[in-house]
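Please open the structure in a viewer and keep the selection tool at hand.

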Amino acid sequence: MTDVHVVFGTGAIGLALIDELTAQSLPVRAVNRSGGAQVPSGVEVIAGDASNAEFAARAAVDAAVVYQCLNPPYHRWADLFPLLQNAVVHAARAAHARYVSFENTYMYGDTHGQAMTETTPLRAETRKGRARAAMARQLSECHGAGDLVTATARASDYFGPWGTNQSPLGDLVIGAALAGKPVRVIGDPNQPHSYTFTRDAARTLVSLGTRDDVAGEVFHVPNAPPQTTRQIISTISAELGVPIKISVASRLVLRLMGVVNPTIRELDEMRYEFVQPFVVDSAKAEMRLGIPPTPIGDALASTVAWFRARDGNHP
């Protein structure tokens, strides 16, 4: 099989991307550590350590496009993510494939409530943000040097099908509500917040992998107009048909939990996202790529349906 679309990572975004690629009848190969993933029929899955450049190059043989959708353990971002990117960049070069990077917005740092665009300076002061900024600059330099064709999609905090333990609206909100438990949020639920729907992220990535006019560019994934987290939970409540009690985890509670949980410990430096407006402007992608964001009500209904199917809960 030649001209394969090779997806490194089978987390929420990787799986959404694989689903979209197969829906468009494109040949797909997935790469993860285990060699197992719930993917559509016909998708090849290869197991291995993507930080190993030799393995990554073998996994990307015959690739037309390589998508980097990896997500190392949250508490090890700063040391593992650069190694992963280096190996996948090497693989894309070896295959003479386009490199499409899926990123978040950590590299911009705290914009103090100002909306982020693709031209917002990379001024992160957090460890994870600095790692993201360095990785973004590396891709820009690779493209500028002419030895790698890149395109980048950046998303806000995501939700949707496959968005479970790493989505702020996943297991802690929809999953908890379906189990009849209070939902847990951090920061101020009354602040407007841009959320990215997993399927919109997938559509954006496929567009960047298949269009000829996006080389070297960065696009924010189209997001529905920002709402407060409380408003979004109210919509989820209406979709479920049950009241939802909101429990706000204070900074002190997070720090105490972080003493024994390294993932929770890493949330503290990113708390600024949830205590002030957090708006990711996506006008560029909407206009240039022609991808409108899924209306928030439709996206949440689809997400709730996916969680119900996963948990065996039905209306």
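Select Glu 217 first. At 21% relative accessibility, Glu 217 counts as partly exposed, a class that lies between buried (under 20% relative accessible area) and exposed (over 50%), as found with a 1.4 Å probe on protein chains only. The model is a predicted one, in which local features need pLDDT of at least 70 and side-chain atom pairs count only at pLDDT 80 or more, whereas totals for chains, interfaces and linings use all residues. Residues are numbered from 1 along each chain as its sequence is written, and side-chain values use heavy atoms, with hydrogens and water left out.

Glu 217 and Lys 284 form a salt bridge, with 3.0 Å between the closest N and O atoms; the term requires a side-chain nitrogen of Lys or Arg within 4 Å of a carboxyl oxygen of Asp or Glu. Glu 217 belongs to the loop between helix 6 (198-210) and strand 11 (218-220), and Lys 284 to helix 10 (residues 283-288), so the pair ties together parts that are 67 residues apart in sequence. Helices (H or I, at least four residues) and strands (E, at least two) are DSSP runs, numbered from the N terminus. Lys 284 is also partly exposed, with a relative accessible area of 23%.

Keep Lys 284 and show Phe 219. The charged end of Lys 284 sits over the ring of Phe 219, 4.4 Å from the ring centre. For this contact, NZ of Lys or CZ of Arg must be within 6 Å of the ring centre and within 35 degrees of the ring normal.

Next, select Arg 154 and Glu 103. Their side chains meet in a salt bridge of 2.8 Å, N to O. Arg 154 lies in strand 6 (residues 150-154) and Glu 103 in strand 5 (residues 98-103), so the bridge ties together parts that are 51 residues apart in sequence. How accessible is Arg 154? Its relative accessibility is 5%, which counts as buried, and Glu 103 is buried at 2%. In total, the structure holds 18 salt bridges.

Move to Arg 310 and Asp 311. These side chains form a salt bridge of 2.7 Å, N to O. Asp 311 is partly exposed at 32% relative accessible area, as is Arg 310 at 39%.

The aromatic rings come next. Rings of Phe, Tyr and Trp (its six-membered ring) pair if their centres lie within 6.5 Å; planes under 30 degrees apart count as stacked, over 60 as edge-to-face and the rest as tilted. By this rule there are six aromatic pairs. One of them is the tilted pair of Trp 77 and Tyr 106, at 5.3 Å centre to centre and 35° between the planes. Trp 77 lies in helix 3 (residues 77-95) and Tyr 106 in the loop between strand 5 and helix 4 (127-145), so the pair ties together parts that are 29 residues apart in sequence. Trp 77 is buried at 4% relative accessible area, and Tyr 106 is buried at 7%.

Trp 306 is partly exposed at 22%, whereas Phe 307 is buried at 0%.

Finally, show Tyr 74, Trp 77, Phe 81 and Tyr 106, a cluster linked by ring pairs. The charged end of Lys 128 sits over the ring of Tyr 74, 4.9 Å from the ring centre.
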